[in-house]
Amino acid sequence: MAGLLLGGPVMAWAQSPVDSAVAAEPPMPELEAPPQPAGVTDAIIRQAVRDTIAEDPQPLQAPGQGAAALSGGVTQARLNAAFDQAKVPDCLHGDALKHQPAHIGPIAVVGIYSLPWVVAAVVRGKCN
């Protein structure tokens with residue numbers, strides 16, 4: 001009985017006829033290139049491009065183009081400098097004590113002796 005139940009749907013599927021709509025798909029239409037205007041051929045286009053390049057091999061940039069046109073000049077340089085100065089430094093680099101200098105009065109503390117200032121900068125959020 002179990003063999004009949006398991007074999008029944010499989011046998012029915014194997015014996016069912018295939019849909020004729022799925023089996024007989026229409027062929028894809030062949031696409032053609034669009035027609036070119038009268039008198040224009042590939043040879044004429046190539047010759048026109050060669051003539052244009054021969055006339056002016058290095059065309060000048062139009063005013064307002066290039067890298068200088070996209071820069072903000074002095075204003076952008078000042079803004080970039082302000083952003084770089086305000087950025088919170090990394091604690092493991094040389095500028096870690098930029099916002100919290102290691103000084104005891106007029107004497108600068110450097111090297112391994114500045115580690116307490118680095119720890120204080122980390123605790124205060126003066127460096128990342």
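Q: How much accessible surface does the protein chain have, and what share belongs to carbon and sulfur atoms?
A: In this predicted model, the accessible surface of the chain is about 11,400 Å². Carbon and sulfur atoms account for 66% of that.

Q: And what percentage of the residues count as buried?
A: The chain has 128 residues, and 9% of them count as buried.

Q: Switching topic: how many disulfides does a search of the whole structure find?
A: The search turns up 1 disulfide. Cys91 and Cys127 are the pair, with an S to S distance of 1.9 Å.

Q: Where do those two sit in the chain?
A: Cys91 is in the loop between helix H5 (74-86) and strand E1 (103-104), while Cys127 is in the segment after helix H6 (115-124). They are 36 residues apart, so the pair links distant parts of the chain.

Q: Are Cys91 and Cys127 buried or exposed?
A: Both Cys91 and Cys127 are buried.

Q: Which residues make the nonpolar surface patch?
A: Val40, Ile45, Val49 and Ile53 make it, and the patch covers about 320 Å². Of these, Val49 lies in helix H3, residues 42-55.

Q: Why does Val49 count as partly exposed?
A: Its relative accessibility is 45%. Buried means under 20% and exposed means over 50%, so Val49 at 45% falls in between and counts as partly exposed.

Methods. Residues are numbered from 1 along each chain as its sequence is written. This is a predicted model: local features need pLDDT of at least 70, side-chain atom pairs count only at pLDDT 80 or more; totals for chains, interfaces and linings use all residues. Side-chain values use heavy atoms; hydrogens and water are left out. Patches are made of residues with over 30% relative accessible area and no salt bridge: like charges are joined within 9 Å, nonpolar side chains (Val, Leu, Ile, Met, Phe, Trp, Tyr) within 5 Å. Accessible areas come from the Shrake-Rupley method with a 1.4 Å probe; for residues, only the protein chains shown count as cover. A salt bridge is a side-chain nitrogen of Lys or Arg within 4 Å of a carboxyl oxygen of Asp or Glu. Helices (H or I, at least four residues) and strands (E, at least two) are DSSP runs, numbered from the N terminus. Buried means under 20% relative accessible area, exposed over 50%, partly exposed in between (1.4 Å probe, protein chains only). A disulfide is a pair of cysteine sulfur atoms within 2.5 Å.
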